[in-house]
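Please look through the sequence and the 3D structure below before reading on. The paragraphs after them are meant to be read with both in view.

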Amino acid sequence: MNITSSWPKPWPWQRKRWLQGRFQWAASLSGGNTIIAKARNRTNQLRNATRHAELEAIDEILADPALTPPGSSRYPFSDTTLYVTVEPCIMCASALRQMGIQRVFYGCTNDRFGGCGGVIGVNDRLGHPSHPPYEAIGGYSREDAILILRRFYVTENYNAPAPKSKANRVLKTEILPR
């Protein structure tokens, strides 16, 4: 599958949010060739550990009756693709599977909490009696995703419960190959 020909560069709207100081992780959900939801991580803002970008995007879609009409499929996301900056964590990977997501593209691996193979393959390696597996493809605009996250981590996060001074941090721009 040639993903670069079927989807535009994924991060322009995330870059805009970054410049506005409102960005961490971000997700775009696509139905066909149309973006049907955009979301960002709001865990610090809402002081709620479950408000990851993937779950914010799912909630946006579920709140729109035009996208999930009553009586629709058990898996309302079966024709939906998720584009996300970093590999979904185990919690989000499980939620995506339960929603019947078709496919996930992510920029960089989540070595600590990754649910699509970084730590454990909730998306397709764990058997489940009723929820179908989904395809997860890492490395999509990997360098952009890594730099977006690094930029976030060298700046002050005023939404954090206890912001830490990061005045002495330096942005590392070298990205090692996988």
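Predicted model: local features only at pLDDT ≥ 70, side-chain atom pairs only at ≥ 80, totals over all residues.

Residues are numbered from 1 along each chain as its sequence is written, and side-chain values use heavy atoms, with hydrogens and water left out.

The term pLDDT stands for the predictor's confidence in each residue, from 0 to 100. The protein chain averages a pLDDT of 78, and 79% of the residues score at least 70. Over residues 1-8 the pLDDT stays under 50, and the model has 12 contacts for them beyond four places in sequence, where a contact means heavy atoms within 4.5 Å. The pLDDT is also below 50 over residues 18-24, a stretch with 16 contacts in the model beyond near neighbours in sequence.

The protein chain has six helices and five strands, and here helices (H or I, at least four residues) and strands (E, at least two) are DSSP runs, numbered from the N terminus. Read from the N terminus on, the elements run α-α-β-β-α-α-β-α-β-β-α. Among contacts between residues at least 6 apart in sequence, 57% join residues at least 24 apart.

Of the 178 residues of the protein chain, 44% count as buried; buried means under 20% relative accessible area, exposed over 50%, and partly exposed in between, with a 1.4 Å probe and protein chains only. A nonpolar core is a set of buried Ala, Val, Leu, Ile, Met, Phe, Trp, Tyr and Cys residues joined through side-chain atoms within 4.5 Å. The largest such core has 21 residues, and among those with the most contacts inside it are Ile58, Phe77, Leu96 and Tyr134. Strand S2 (34-40), helix H4 (53-62), strand S3 (80-86), helix H5 and strand S4 (103-108) each supply at least two residues of this core, and its largest share, five residues, comes from H5. A second, separate core of five residues includes Cys108, Ala145, Ile146 and Leu149.

Which elements do the buried residues of H5 pack against? They pack against H4, S3 and S4, and the buried residues in H5 are Cys92, Ala93, Ala95, Leu96, Arg97 and Met99. Helix H5 (residues 90-99) also holds Ile90, which counts as partly exposed because its relative accessibility is 37%. After H5 comes Gly100, whose phi is positive, near 75°.

The accessible surface of the protein chain comes to about 9800 Å², of which 52% belongs to carbon and sulfur atoms; such areas come from the Shrake-Rupley method with a 1.4 Å probe, and for residues only the protein chains shown count as cover.

Most residues other than glycine have a negative phi. Arg47, however, is not a glycine and has a positive phi of about 55°. Arg47 is found in the loop between helix H3 (43-46) and H4, and it counts as exposed because its relative accessibility is 58%. Ser141, in the loop between strand S5 (135-138) and helix H6 (142-153), also has a positive phi, near 55°. Is Ser141 buried or exposed? Ser141 is buried, because its relative accessible area is 16%.
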